[in-house]
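Subject: Structure handover

Hi,

Here is the structure I promised. Please load it first; my notes follow below.

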Amino acid sequence: MEFGYFTLSDNHYENNQRSANQFVTDITNEALYADQLGMHSAWIGEHHFNSLGVLSSPEMVLSFVAARTKHIRLAPAVNVTPLHHPIRVAEQWATLDLLSGGRVDFAAGRGYDAREYAPFKVNFAENQSIFEEGMEVLQKLWTADGRISHHGKHYQFDDVRITPKPIQKPLPTYIGSFSKPSIELAARLGYNLIVAPFAASMSYGGLRQVVDLYNETCAKHGKKPGRVMCSYFTHFYDTPAQEKAQRERHIRYYKECCIPAFPNDPKNAPPSYRYFLEICERMGKVKPEDLSENSVLLGNSARITETLKKVEDAGIAEVICYFNVGMKPHQQVKEEMDRFMREVAPNFKGKHMERRAA
């Protein structure tokens, strides 16, 4: 099992003195540090208008990281595909794949915040349809030998060929999933899957059930199952005082960042987002002591290793760790990243062990 660095650049906190510019700089440094530590990948979220996170251009940060590294894989987490024209998305990420020597893992999703859609004049209520068509267009543009035309509901164009093309054939592509329609789309198009454990637990019962559903759906569509990854909030502690601080930090993230950003009004949430109503309701009721391995890696190295062994047994190929959540100071984030790679990662086989031996 591989391990990566992950962030959604959460910065929407009351009385927050950390500027967006400072946090984007910190995140960039953390991604570079992840490569130094031997992490497999860096996954950078896309958010707009400080509705939850403050990093709006993951492709720019990752191109900066690509120029200064040789090993770490580079991924958005996720590209909010309906906000962009698929031709432009295909061009940008194909270019990064070329310049990085084939290190891109492209990941896409619909997002969940209508406030990010409105200024771009994209219909939030139709984003499932826009997303599905956009993903089909991306696949065609990346794989076509010649020029293609497309006449769909949301996108129409003639005689288009993108340059450059990705050097990976195919470009590894993931669908970020909170729901069954996303799993269905990933399986139908032959894409890989990335899920959040807390959503997997709420919607399906756990990570193993998600992996089984994805594999079954791939078989139904005649596709070979790809990789299934998951993200995990990650907090180390060794003392009761540290545990209290980490748990409170995470509850603050739920209440000040997530709930305000998620669709939580039945009158305004499109049908495809109704499951978010339950997520928001549960988040609002969670107490610090309620946090469990269904959503968060919490504890010392032995405890976190024990949880991740269960994740590995469920069929998860890679875990990307969200260390810098909840206003955690930059230096503490780096210390926890270092501790994870020294004390947790060596308990699992993966390319990080090859880097360590070298």
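Buried here means under 20% relative accessible area, exposed over 50%, and partly exposed in between (1.4 Å probe, protein chains only). By that rule Gly109, at 3% relative accessibility, counts as buried.

On provenance: this is a predicted model, where local features need pLDDT of at least 70, side-chain atom pairs count only at pLDDT 80 or more, and totals for chains, interfaces and linings use all residues. Residues are numbered from 1 along each chain as its sequence is written, and side-chain values use heavy atoms, with hydrogens and water left out.

Gly109 first. It sits in strand β5. Helices (H or I, at least four residues) and strands (E, at least two) are DSSP runs, numbered from the N terminus. Leaving aside neighbours within four places in sequence, Gly109 is in contact (heavy atoms within 4.5 Å) with Val78, Asn79, Val80, Thr81, Pro82 and Phe131. Tyr174 is 65 residues from Gly109 in sequence, yet their C-alpha atoms are 8.8 Å apart.

Next, helix α3, residues 86-99. Its 14 residues should span 20 Å at 1.5 Å a residue, and the end C-alpha atoms are 20 Å apart, so the two agree. The expected span is 1.5 Å times one less than the number of residues. Buried in α3 are Pro86, Ile87, Val89, Ala90, Trp93, Ala94, Leu96 and Asp97. Their cover includes α2 (58-67), β3 (73-76), β4 (79-80), β5 (106-109), α5 (127-143) and β7 (156-160). Just after the helix, Gly101 has a positive phi of about 75 degrees.

How do α3 and α5 cross? Their axes come within 9 Å, at roughly 45 degrees. Axes are lines fitted to C-alpha atoms, for helices over the stretch in contact, with angles from 0 to 180 degrees between N-to-C directions. From α3, the contact uses Pro86, Ile87, Val89, Ala90, Trp93 and Ala94; from α5, Gly134, Val137, Leu138, Leu141 and Trp142.

Last, α11 (residues 301-313) and α12 (residues 330-344). Their axes come within 10 Å and cross at roughly 70 degrees. That makes α11 roughly perpendicular to α12. Ser301, Ile304, Thr305 and Leu308 of α11 meet Arg339, Phe340, Glu343 and Val344 of α12.

Best wishes

Notes: Angles under 35 degrees count as roughly parallel, over 145 as roughly antiparallel, 65 to 115 as roughly perpendicular and the rest as oblique.
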